[in-house]
Amino acid sequence: FHSLNPLRDSNTCSDINPETVYSPNGDDIVWDFLRRDAFDEASREPLLASFMHASILSHSTLEKSLAFHMANLLSSPAMISTQIQAIFLEALDKSPSFRL
């Protein structure tokens with residue numbers, strides 16, 4: 001993990017350089033690492049496979065995964081999780097500085 005972690009030398013969030021989080025072709029290095037780790041864990045532990053797929057592997061970005069997770073935490077009979085997820089995703093799409 002240490003050798004693949006682009007944030008390992010950062011002391012605070014303000015120290016993070018957004019350019020180190022992305023590969024030269026624009027891929028999110030941290031998200032790719034998390035997805036590989038989730039895939040490996042799902043392969044090793046069948047009881048976690050469904051959770052790993054729903055929470056991580058079925059989402060193309062960290063933002064989409066976070067929106068899914070937060071929406072499930074906040075859902076209620078008054079507002080279902082897919083509605084809340086759509087609100088999160090819209091807010092994230094409108095915030096160009098979210099990842100910085």
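Q: How many helices and how many strands are there in the protein chain?
A: This is a predicted model. Read along the sequence, its protein chain follows the pattern α-α-α-α. The count is therefore four helices and zero strands.

Q: What percentage of the residues of the protein chain count as buried?
A: The protein chain has 100 residues. A residue is buried when its relative accessible area is under 20%. The share of residues that count as buried is 20%.

Q: Among contacts between residues at least 6 apart in sequence, what percentage join residues at least 24 apart?
A: Contact here means heavy atoms within 4.5 Å. Among the contacts in the protein chain between residues at least 6 apart, the share that joins residues at least 24 apart is 32%.

Q: Which word describes how α1 and α2 are oriented to each other?
A: Helix α1 covers residues 29-44 and helix α2 covers residues 46-57. Their axes come within 7 Å and cross at roughly 155 degrees. Angles over 145 degrees count as roughly antiparallel. The two helices, α1 and α2, are therefore roughly antiparallel.

Q: Is the crossing of α1 with α2 left-handed or right-handed, and how many charged residues are in the contact?
A: α1 passes α2 in a left-handed crossing. α1 brings W31, L34, R35, A38, F39, E41, A42 and R44 to the contact, and α2 brings P46, A49, M52, I56 and L57. By class, ten of these residues are nonpolar and none is polar, and the charged ones number three.

Q: Which word describes how α3 is oriented to α4?
A: Helix α3 spans residues 62-74, and helix α4 spans residues 81-93. The two axes come within 8 Å and cross at roughly 140 degrees. That angle makes α3, relative to α4, oblique.

Q: Is the crossing of α3 with α4 left-handed or right-handed, and how many nonpolar residues are in the contact?
A: The crossing in which α3 passes α4 is right-handed. On the α3 side the contact is made by E63, K64, A67, F68, M70, A71, N72 and L74, and on the α4 side by S81, I84, Q85, F88, L89 and L92. Three of the contact residues are polar and two are charged, while the nonpolar ones number nine.

Q: Does S55 count as buried or exposed?
A: S55 is found in helix α2. Leaving aside neighbours within four places in sequence, S55 is in contact with S65 and F68. L66, eleven residues from S55 in sequence, is 8.3 Å away, C-alpha to C-alpha. At 11% relative accessibility, S55 counts as buried.

Q: Does S58 count as exposed or buried?
A: S58 lies in the loop between α2 and α3. Neighbours within four places in sequence aside, S58 is in contact with R35 and H53. S58 and R35 are 23 residues apart in sequence, and their C-alpha atoms are 9.4 Å apart. With a relative accessibility of 52%, S58 counts as exposed.

Q: What distance separates the C-alpha atoms of S81 and A71?
A: S81 has its place in helix α4. S81 and A71 are ten residues apart along the chain, and their C-alpha atoms are separated by 4.8 Å.

Note on methods:
Residues numbered from 1 in each chain as written. Predicted model: local features only at pLDDT ≥ 70, side-chain atom pairs only at ≥ 80, totals over all residues. Heavy atoms only, no water. Axes fitted to C-alpha atoms, helices over the stretch in contact; angles between N-to-C directions. Parallel < 35°, antiparallel > 145°, perpendicular 65-115°, else oblique. Left-handed = near helix turned anticlockwise from the far one by under 90°. Nonpolar A, V, L, I, M, F, W, Y, C, P; charged D, E, K, R; others polar. Buried < 20%, exposed > 50% of the residue type's maximum accessible area, 1.4 Å probe, protein only.
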